Amino acid sequence: MRTSRPVYYAGDPVVVIFQSTHPADIMGTASIIVSGPAGTVTAGTVNIFGEVTYQYTISGSFLSIPGYYTVSVVMDMFGETYEGSASFQVVQRTPFDFTVSISPLTLTVKKGETARFNWAVTYSDPSYEGTVFTWDVSGLDRSMRVNVARGVLDIATSDATPPGTYSFTFSLSARGLTRSATATLIVEALFDYSLSISPNSQTVNIGEEASYTVTVNLVSGAAQPVSLTLTGLPGDISYVFTPPSGTPTYTSTLKVDASSSSSPGSYTLTVTATGGGIAKTATATLIVNEKDFKLSASPETITVEQGDSTSLQVEVKPLGKFDKPVSLTVSGVPSGVTAKFTVPSGVPPYTSTLNLNVALSTHEGPYTLTVQGEGGEKIHSIKVTLNVEKKPFTLTVHPEVEGIKVKVTGTLTPPLPGAKITLRYHSHTHGEGEEGETITREVNVKPDGGFSDEFTPGTLGEWDVRASLSDDEGNVIAVSEGEYFTVEKSFVNELSLLMSRNPLILVLPVLAIIIAAVAAILIRRRRKIRPGPMQGPVYCQNCGAALKVEDEFCPSCGARKS
């Protein structure tokens with residue numbers, strides 16, 4: 001015989017398991033006797049047959065005292081005694097208590113999915129195993145549904161469940177005690193995205209390309225890869241996405257190439273995006289025109305200073321099999337600018353240079369020029385920008401005085417060969433209340449930017465000179481600083497100035513001298529050839545020296561011949 005377990009808690013029933021070896025067809029009566037700290041008691045009697053296993057439950061207050069016990073089964077049959085025994089221990093029971101645990105501590109699900117947590121109870125003593133509990137869950141949204149089974153806690157979210165983080169408490173109650181455990185449920189929004197394409201419509205000619213911008217925006221949930229495809233184009237028009245896929249939010253450039261196309265018409269492009277189990281579409285229109293031509297300019301913006309020249313290249317390209325002459329014209333040219341094409345007309349492809357000569361009088365500022373091409377019943381135009389900037393001219397002058405003459409040199413920067421520089425001379429020597437003399441002279445600029453002038457003032461004293469440059473319309477665009485110089489008042493300068501004004505004053509004395517000299521020569525010649533009577537030797541009346549006929553004075557004493 002034996003007991004169901006070796007140790008029992010005080011007050012617990014004890015199960016005795018036994019079997020008799022007497023013949024199977026004979027029934028006897030067995031007594032169940034328990035001996036322990038409180039003494040020996042007969043727990044009961046039972047009729048038994050041989051070779052049959054019996055279980056007998058013993059209960060009573062005599063089992064509430066901790067200690068060691070012996071249970072015996074005794075049967076008397078036909079003068080013979082059959083007996084067996086077993087031992088067990090009774091211990092004091094631990095007070096009822098328990099703890100609750102839940103796992104995992106954090107769980108993430110998509111909106112509309114069910115989260116499953118596992119829970120377990122640990123008792124203060126294994127004997128409490130099987131205790132019946134009541135449960136409660138707090139901290140969840142009302143849109144969630146909770147189901148608790150043995151060891152399992154299911155929380156079902158719905159489409160109405162707001163995405164977010166929920167810290168909830170799971171509680172169990174039994175025998176007046178409540179114990180709890182906490183965990184976190186994270187509800188994520190379902191992955192979603194939007195798809196758009198811009199512009200909605202484009203028009204190209206055969207031979208050209210068009211570009212669209214495809215945008216994939218993340219709407220909700222954790223981003224997942226989304227790929228792009230296109231339908232709706234004929235086979236001779238190619239396309240490419242750059243990039244062809246990505247993780248939202250991202251943009252992709254759709255380039256459509258009609259350079260090899262022979263299929264004019266209107267096409268609906270359908271962009272399909274797939275990712276995260278979701279497919280979306282967006283549409284746009286592509287219109288492909290038949291054979292045509294195309295204009296382009298390089299550069300599209302040019303900057304030039306007043307008085308300079310510039311140019312740009314206009315390229316005329318055929319689209320498809322276009323083979324008609326195209327004429328070029330330009331409009332919007334500002335006043336003072338001349339424009340001329342080197343090739344005004346031709347069959348594409350060809351390139352023409354548009355030369356622009358900008359006068360000094362052209363007002364500064366931006367101008368929009370329209371280059372138009374016309375041919376084969378097609379007209380196209382392009383815009384270019386001409387920025388005219390003010391020419392940063394600087395003028396300098398330097399006067400040098402030599403006697404009554406003034407030599408003025410100057411420089412125009414940057415050089416403008418052939419330009420006319422106006423020199424204004426102004427006298428500061430004048431009477432009170434009178435305006436000084438002003439003289440204006442013009443000189444030409446040399447290739448190196450230099451210019452010069454020689455000037456003889458009409459008044460001695462202090463002067464200044466100033467140089468200026470004007471445009472074709474007479475507007476002054478550059479002025480030098482005034483430079484002062486002085487022509488000294490002296491006798492020589494006064495005389496020189498007088499003679500410069502009246503050249504005859506210098507000529508008359510010279511003429512008088514010349515006339516006197518000529519007269520003296522003529523008188524001498526007359527005396528030499530004048531005939532006279534024959535005379536003998538002539539002597540000086542002063543000293544008696546012999547004189548020649550032609551002597552006018554005595555060579556000895558110098559007395560005049562009488």
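User: Let's begin with T301, then: which residue does T301 stand opposite in β34?
Analyst: T301 stands opposite T385 in β34. Please keep in mind throughout that this is a predicted model.

User: How many bridges join β27 to β34, and do the strands run parallel or antiparallel?
Analyst: Five bridges join β27 to β34, which covers residues 378–389, and the two strands run parallel.

User: And which residues of β27 are on the covered face, and which on the uncovered one?
Analyst: In β27, which spans residues 301–305, the covered face is made of I302 and V304, whereas T301, T303 and E305 make up the uncovered face.

User: Okay, stepping back: into which domains is the protein divided?
Analyst: The assignment gives domain 1 (2–91), domain 2 (98–188), domain 3 (192–289), domain 4 (293–389), domain 5 (394–488) and domain 6 (537–561).

User: How far apart are the centres of domain 4 and domain 5?
Analyst: Taking the C-alpha centres, domain 4 and domain 5 lie 42 Å apart.

User: New topic: how many salt bridges does the structure hold?
Analyst: The structure holds nine salt bridges. One of them is between the side chains of R179 and D97, with N and O 3.1 Å apart. R179 belongs to strand β16 (residues 177–188) and D97 to the loop between β8 (80–91) and β9 (98–103), so this pair ties together parts that are 82 residues apart in sequence.

User: What about K280, which residue does its side chain meet in a salt bridge?
Analyst: The side chain of K280 meets that of D192, at 3.5 Å from N to O. This pair links distant parts of the chain, since K280 is in strand β25 and D192 in strand β17 (residues 192–198), 88 residues apart. K280 is partly exposed at 25%, and D192 is partly exposed at 26%.

User: And D308, what is its partner?
Analyst: D308 forms a salt bridge with K391, and their closest N and O atoms are 2.7 Å apart. D308 sits in the loop between β27 and β28 (309–319), while K391 sits in the loop between β34 and β35 (394–402), so the pair links parts of the chain that are 83 residues apart. D308 is partly exposed at 25%, but K391, at 8%, counts as buried.

User: Back to β25: is A284 buried or exposed, and what is A284 in contact with?
Analyst: A284, which is found in strand β25 (residues 278–289), is buried, with a relative accessible area of 2%. Leaving aside neighbours within four places in sequence, A284 is in contact with I197, P199, N200, Y212, Y267, T268 and L269.

User: Last one, where does H22 lie?
Analyst: H22 lies in the loop between β3 (14–19) and β4 (27–36), and H22 is buried, with a relative accessible area of 0%. The side chain of H22 reaches the backbone oxygen of I26 at 2.6 Å. Not counting residues up to four places away in sequence, H22 touches several residues, among them I48, F49, M75 and Y82.

Technical notes. Residues are numbered from 1 along each chain as its sequence is written. This is a predicted model: local features need pLDDT of at least 70, side-chain atom pairs count only at pLDDT 80 or more; totals for chains, interfaces and linings use all residues. Side-chain values use heavy atoms; hydrogens and water are left out. Helices (H or I, at least four residues) and strands (E, at least two) are DSSP runs, numbered from the N terminus. Buried means under 20% relative accessible area, exposed over 50%, partly exposed in between (1.4 Å probe, protein chains only). Contact means heavy atoms within 4.5 Å. Domain bounds come from an automatic or database domain assignment. A polar contact is a pair of N or O atoms within 3.5 Å; within protein, one must be able to donate a hydrogen and the other to accept it, and residues adjacent in sequence count only if both atoms are side-chain atoms. Two strands pair if DSSP finds at least two bridges between them. A salt bridge is a side-chain nitrogen of Lys or Arg within 4 Å of a carboxyl oxygen of Asp or Glu.
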